[in-house]
Amino acid sequence: MRGNVIDLAVAVVIGAAFTAIVNALVEGIFNPAIGALFDAEDLKSALILEIPTTSGEPAQLMFGAVIAAAIQFLLVAAVVYFVLVTPVNYMRKKAEEKRKAGIEEPDAPASELDLLAEIRDLLSEQKRAQVTVDAE
């Protein structure tokens with residue numbers, strides 16, 4: 001379960017792509033639906049509080065935009081939890097149960113270095129056997 005750079009890069013790319021999906025979901029469905037409750041085009045244009053300033057132009061406090069960002073955050077957090085965290089925790093639990101039950105997990109395949117060393121040893125044994133046969 002050790003991480004590496006490739007896994008991290010894949011996670012960043014998938015996260016960026018997933019952000020577009022969540023943005024579309026929030027902008028296209030949730031914002032208009034909640035904005036309709038407040039008689040606004042979308043949530044970002046709802047719940048705007050104007051306060052006076054010294055320059056005469058009113059400043060706008062956009063509470064709807066904050067609520068929209070909170071909804072977007074909750075959607076991303078829920079998907080990350082249920083799609084990534086829960087399955088990984090499940091796999092760790094199953095691996096721990098196997099370990100406690102004494103079930104050995106299959107060994108990782110031999111590395112190239114191990115295979116080359118094995119080939120070297122076999123060739124060496126074969127050469128020694130050939131020398132022995134020639135000596136007789």
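**Reading helix 2**

Guide: The cover over the buried residues of helix 2 includes helix 1 and strand 2 (59–62). Helices (H or I, at least four residues) and strands (E, at least two) are DSSP runs, numbered from the N terminus. This is a predicted model, where local features need pLDDT of at least 70, side-chain atom pairs count only at pLDDT 80 or more, and totals for chains, interfaces and linings use all residues. Residues are numbered from 1 along each chain as its sequence is written, and side-chain values use heavy atoms, with hydrogens and water left out.

Visitor: Which residues in helix 2 are buried?

Guide: Buried means under 20% relative accessible area, exposed over 50%, partly exposed in between (1.4 Å probe, protein chains only). In helix 2, Gly64, Ala68, Ile71 and Gln72 are buried.

Visitor: Which residues form the largest nonpolar core?

Guide: In soluble globular proteins, nonpolar side chains tend to be buried together. A nonpolar core is a set of buried Ala, Val, Leu, Ile, Met, Phe, Trp, Tyr and Cys residues joined through side-chain atoms within 4.5 Å. Here the largest has 5 residues: Val22, Val26, Leu43, Ala68 and Ile71.

Visitor: What does alanine 68 touch?

Guide: Contact means heavy atoms within 4.5 Å. Not counting residues up to four places away in sequence, alanine 68 touches Val26, Asn31 and Leu43.

Visitor: Where does helix 2 bend?

Guide: The bend at a residue is the angle between axes fitted to the seven residues ending there and the seven starting there. Helix 2 bends by about 35 degrees at tyrosine 81.

Visitor: Is valine 79 buried or partly exposed?

Guide: Valine 79 lies in helix 2. Its relative accessible area is 33%, so valine 79 is partly exposed.
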